[in-house]
Amino acid sequence: MRVVRNVGYLKRRQRAARLMVAGGLAGLGSSIALTFQPQLILWAYFALIVGFLLFNAGMQQWAKWNRSPRPDELLDATLRRLNDRYTLVHYPEVSQGWRPEHVLIWPGGLLVITTREMAGHIQVQGTRWRRLDSRLIRIFTFGGPPLGNPTIECQRQQEALREFLSQRDLPGAETVEGLIVFLNDRVNLQVIESGITVVTRKELAEAIRAFGTERRLNAKECDEIVAALSAGDEVEGPVALPARAPGRKGARVA
């Protein structure tokens with residue numbers, strides 16, 4: 001498999017996470033200082049609330065962008081055995097709508113991959129997502145990755161990609177599909193109903209193969225799409241990953 005990585009975007013997100021954490025700590029610290037001045041007690045409460053929200057949001061972003069392995073690295077490790085007809089683009093410069101974070105391009109079409117890093121018991125029914133963990137567990141994981149609504153996010157990412165391709169007269173807009181993957185191995189998924197494929201990381205490679213190998217794009221069209229999604233500063237790739245990680249045995253699969 002070939003990989004393209006927008007390193008510039010990663011650096012911007014990492015920097016933003018650090019600034020949010022620092023701003024949150026500053027807000028929390030200033031709220032303590034303001035409590036010593038009774039006439040400023042309302043400002044102390046304001047600084048406390050803003051600082052807490054900013055710090056919590058910053059920690060969530062820190063967990064996503066500054067930990068190792070990151071979501072893009074986990075996807076690389078999971079899908080590296082795909083052959084070089086597959087190209088995985090991480091964080092393409094798609095400015096329209098909701099930026100897709102991971103796009104897989106191969107002759108069968110384009111696949112928007114929406115990731116989640118959280119653990120625990122997760123249930124999806126249609127477009128409704130729920131965490132089934134106890135309140136105590138939720139309290140202890142409050143600063144961790146949020147669940148949000150992966151279905152809506154994936155749908156909007158697909159729309160943004162289609163618009164990007166259409167505006168540039170590129171092929172493939174009609175082939176765009178979506179997939180949601182939970183990367184944490186300690187997740188327990190309960191999929192009651194979903195219009196979008198929802199899988200764990202262990203099921204990801206098989207789920208991609210299930211999308212089929214029908215040829216809907218030729219090699220030139222795939223290269224045009226990859227080139228368009230690889231635009232921007234500090235973009236690495238396409239780079240071919242070895243079929244297996246160092247020290248591991250295994251063959252490349254189609």
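**Helix H1 in its setting**

Author: Of the contacts in the protein chain that link residues at least 6 apart in sequence, 69% join residues at least 24 apart; contact here means heavy atoms within 4.5 Å. The model is predicted, so local features need pLDDT of at least 70 and side-chain atom pairs count only at pLDDT 80 or more, while totals for chains, interfaces and linings use all residues. Residues are numbered from 1 along each chain as its sequence is written, and side-chain values use heavy atoms, with hydrogens and water left out.

The protein chain has 7 helices and 10 strands; these are DSSP runs numbered from the N terminus, helices being H or I with at least four residues and strands E with at least two. Along the principal axes, its C-alpha atoms fill a box of roughly 70 × 40 × 40 Å. Of its 254 residues, 45% are buried, that is, under 20% relative accessible area (1.4 Å probe, protein chains only).

Helix H1 covers residues 7-34, 28 residues in total. From first C-alpha to last, H1 reaches 40 Å, close to the 40 Å expected at 1.5 Å a residue; the expected span is 1.5 Å times one less than the number of residues.

Which residues of H1 are buried? They are Val7, Gly8, Tyr9, Leu10, Gln14, Ala17, Val21, Gly24, Gly27 and Ser31. In an α-helix, with 3.6 residues a turn, residues three or four places apart point the same way. The buried residues of H1 pack against strands S1 (2-6) and S10 (235-240), as well as against H2 and helix H3 (71-79).

Definitions and conventions. Buried means under 20% relative accessible area, exposed over 50%, partly exposed in between (1.4 Å probe, protein chains only).
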